[in-house]
Amino acid sequence: MSTQGFPKSEHLKSKKAIDELFLKKHSVKGYPIRLMFHKNEEESHKVGFVVPKRLIRLAVNRNKIKRQLREAYRLQKHHIEKLPPQNMMFVLIGKKPLSFQEIEACVLKCLTKLKEKADEKENHIK
């Protein structure tokens, strides 16, 4: 399987899994993006993207940001390959317009923090 792709099998679609993500409240911030995560029982990471309507009014702009988030994740996901499978949701929390380079940097920051948190938990257990 290509590590650069983002196949449908990695898309977070299950309502139950999404509800669980918002209830558990495990998250890291890389302003203006929050990454919510929860361990899943499947063999791969599942990822979703949210851009709230109250922050970005026009659907065209919301969809553009979601496309950029997906692309940034696709390019940076090799940083979390070794982690146990997670359900993840990238949520935009800032209002100001971002370039793709800024989005990519924020996604990388969130994934790095997720990896550090997972390593911290692993070291704490040992």
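Biologist: Contact means heavy atoms within 4.5 Å. Among contacts between residues at least 6 apart in sequence, what share joins residues at least 24 apart?
Modeller: That share is 79% in this chain. The model is predicted: local features need pLDDT of at least 70, side-chain atom pairs count only at pLDDT 80 or more, and totals for chains, interfaces and linings use all residues. Residues are numbered from 1 along each chain as its sequence is written, and side-chain values use heavy atoms, leaving out hydrogens and water.

Biologist: How many helices and strands does the chain have?
Modeller: There are three helices and four strands, in the order α-β-β-β-α-β-α. These are DSSP runs numbered from the N terminus (helices H or I, at least four residues; strands E, at least two).

Biologist: Which residues have the most contacts inside the largest nonpolar core?
Modeller: They are Ile33, Leu35, Leu69, Tyr73, Met88, Phe90 and Val107, in a core of 26 residues. Such a core joins buried Ala, Val, Leu, Ile, Met, Phe, Trp, Tyr and Cys residues through side-chain atoms within 4.5 Å, buried being under 20% relative accessible area with a 1.4 Å probe, protein chains only.

Biologist: And which elements each supply at least two of its residues?
Modeller: Strands S2 (33-39), S3 (46-50) and S4 (86-92) do, as do helices H2 (59-76) and H3 (100-125). H3 gives the largest share, six residues.

Biologist: What does Met88 touch beyond its neighbours within four places in sequence?
Modeller: Its contacts include Leu12, Leu35, Phe37, Val47, Tyr73, Ile80 and Leu114.

Biologist: Changing topic, what are the spans of the C-alpha trace along its principal axes?
Modeller: The trace spans about 45 × 30 × 25 Å.

Terms used. Buried < 20%, exposed > 50% of the residue type's maximum accessible area, 1.4 Å probe, protein only.
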